[in-house]
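Keep the sequence and the structure open as you read.

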Amino acid sequence: MTVPEGWEPGAFKTRVDQVLHRFAAGEAGQLAAIDTSLGPVADAVETAVADGKRLRAAFCYWGWRAAGQPDSDALVRAAASMELVHAAAVVHDDLIDDSPLRHGRPTAHLALREAVRDHPEPASAARSLAMLAGDLLMSMAGQLFVTSGLPAAYLGRARPLWASLARELVAGECLEILHTGSDAPDTAVSLKVVRYKTAKYTVEQPLLIGALLGGAGERLRAGCSAYGLPLGEAFQLRDDLLGLFGDPALTGKDGSDDVRGHRPTALLAETWRLAGEEDRARLRTLLAAGAETRRADTADTADTETITADTADAVRDVMRRLKAPDRIEAMITVRVEEALRTLDELALPGPAATALTGLAHSAAVRRS
């Protein structure tokens with residue numbers, strides 16, 4: 001199956017899914033062959049790549065095509081490695097945030113509790129197993145990339161960016177941890193977290209890696225960043241909105257996660273900026289209550305779920321009244337427009353321009 005001149009996201013996703021599922025199944029099989037008790041960890045690895053929009057692979061692919069290169073099965077394999085980076089980041093992020101759901105299923109650190117039900121500390125042991133599964137997924141990403149079938153000289157062009165990708169992804173996650181629970185959320189700080197935790201590895205770096213693999217010149221590389229950074233920020237800002245205001249049946253996530261975790265989202269920061277003293281006092285109380293339910297480690301009880309849901313609803317009410325979601329929508333619009341202007345200025349080959357325009361809209365205007 002090849003990608004025709006007309007961009008067909010569903011066909012491309014199927015193509016990437018086939019690569020990922022086959023590769024993950026092979027790695028999981030080798031892990032389980034070491035010892036049968038490793039079966040649940042192997043299952044967690046396969047589950048981590050089972051779903052996804054495959055946006056990161058798509059950006060990598062169209063970076064290659066933007067550089068004037070033709071369709072390539074080897075490139076698709078290299079692009080699929082971006083999804084393994086994402087799978088690793090998701091497992092670790094869910095672990096750090098103590099998130100209960102991902103794609104409507106229990107997250108890895110919860111799913112693995114059954115495997116350690118007889119352990120003296122099952123919750124802690126399951127978290128450790130999930131951490132190691134995430135580490136393995138990141139290792140698998142590098143393995144799939146270097147064994148993609150692309151010439152070594154091509155791979156060498158992009159290798160330095162892999163180091164930056166890992167470093168900046170870790171930096172963004174660390175920044176979020178360091179600023180979680182802040183008494184005075186700040187939009188500039190939140191946007192820096194957005195840039196390094198999500199924007200760069202979701203759009204800019206996959207696009208740049210694809211372009212570098214294809215031999216892109218300096219102008220195209222600069223254009224990839226000028227397009228990718230604002231669009232990646234728009235993607236995460238949309239995610240912040242969906243996290244609190246989206247339909248959990250579509251997002252597959254717990255809608256109270258950000259409140260319970262008191263995370264430094266731009267949505268919370270803008271709410272804080274717009275709030276007067278009375279609303280700020282209200283937010284402090286609500287966020288403290290959300291954090292308390294998390295510390296209680298009783299997320300399986302109906303009472304705790306009710307308290308958390310009520311707290312999240314109250315935070316939403318404050319945000320709506322202050323029109324903070326409207327501010328985030330405006331920030332998304334500005335960033336998407338900036339990305340699209342860059343595309344116009346680059347004068348890319350027609351298929352690449354069409355695909356990247358479509359990806360800009362699908363990344364920032366979505367319900368899940």
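Q: Is Cys174 buried, partly exposed or exposed?
A: This is a predicted model, and the value is computed from it. Buried would need under 20% relative accessible area, and exposed over 50%. Cys174 has 39% relative accessibility, so Cys174 counts as partly exposed.

Q: How many disulfides does a search of the whole structure find?
A: Two cysteine sulfur atoms must lie within 2.5 Å to count. Cys224 does not qualify: the nearest cysteine sulfur, that of Cys60, is 10 Å away. Over the whole structure, the number of disulfides is zero.

Q: Is Cys224 buried or exposed?
A: The limit for buried is under 20% relative accessible area. Cys224 has 4% relative accessibility, so Cys224 counts as buried.

Q: Which element gives the most to the lining of the second largest cavity?
A: Cys224 is one of the residues that line this cavity, along with others including Leu207, Leu220, Gly223, Tyr227 and Leu343. Two elements give two or more residues each: α9 and α15 (324-346). With four residues, the top contributor is α9.

Q: How many charged residues are in the lining of the second largest cavity?
A: This cavity holds about 40 Å³ of space. Eight of its lining residues are nonpolar and one is polar.

Q: How many charged residues are in the lining of the largest cavity?
A: The largest cavity holds about 70 Å³ of space. Its lining includes Asp240, Asp258 and Arg263, as well as Leu244, Val259 and Met319. Seven of the lining residues are nonpolar and two are polar, and the charged ones number three.

Q: Which elements each supply at least two residues of the lining of the largest cavity?
A: Residues that line this cavity include Leu267, Leu268 and Val315. The elements that each supply at least two residues are α9 (218-245), α11 (257-261), α12 (266-274) and α14 (302-322).

Q: Is the pair of Phe59 and Tyr227 stacked, tilted or edge-to-face?
A: The structure holds five aromatic pairs. In the pair of Phe59 and Tyr227, the ring centres are 6.3 Å apart. Planes over 60 degrees apart count as edge-to-face. The planes here stand at 65°, so the pair is edge-to-face.

Q: How many residues apart in sequence are the parts that Phe59 and Tyr227 tie together?
A: Phe59 is buried at 0% relative accessibility, and Tyr227 is buried at 1%. Phe59 lies in helix α3 (residues 55-66) and Tyr227 in helix α9. The pair therefore ties together parts whose separation in sequence is 168 residues.

Q: Is the pair of Trp64 and Tyr154 stacked, tilted or edge-to-face?
A: The ring centres of Trp64 and Tyr154 are 6.2 Å apart. Stacked needs planes under 30 degrees apart, and edge-to-face needs over 60. The planes stand at 45°, so the pair is tilted.

Q: Which residue lies over the face of Tyr154?
A: Tyr154 sits in helix α7 (residues 152-179). Tyr154 is partly exposed, with a relative accessible area of 24%. At 4.2 Å from the ring centre, the residue over its face is Arg157.

Notes: Residues are numbered from 1 along each chain as its sequence is written. This is a predicted model: local features need pLDDT of at least 70, side-chain atom pairs count only at pLDDT 80 or more; totals for chains, interfaces and linings use all residues. Side-chain values use heavy atoms; hydrogens and water are left out. On a 1 Å grid over the protein atoms alone, a cavity is a set of points where a 1.4 Å probe fits but cannot get out, and a pocket is an open set with protein on both sides within 12 Å along at least five of seven lines; lining residues have an atom within 4 Å of a point. Grid points are joined across faces, edges and corners, and a volume is the space filled by probe spheres set on the points. Ala, Val, Leu, Ile, Met, Phe, Trp, Tyr, Cys and Pro count as nonpolar, Asp, Glu, Lys and Arg as charged, and the others, Gly among them, as polar. Rings of Phe, Tyr and Trp (its six-membered ring) pair if their centres lie within 6.5 Å; planes under 30 degrees apart count as stacked, over 60 as edge-to-face and the rest as tilted. Buried means under 20% relative accessible area, exposed over 50%, partly exposed in between (1.4 Å probe, protein chains only). A charge sits over a ring if NZ of Lys or CZ of Arg is within 6 Å of the ring centre and within 35 degrees of the ring normal.
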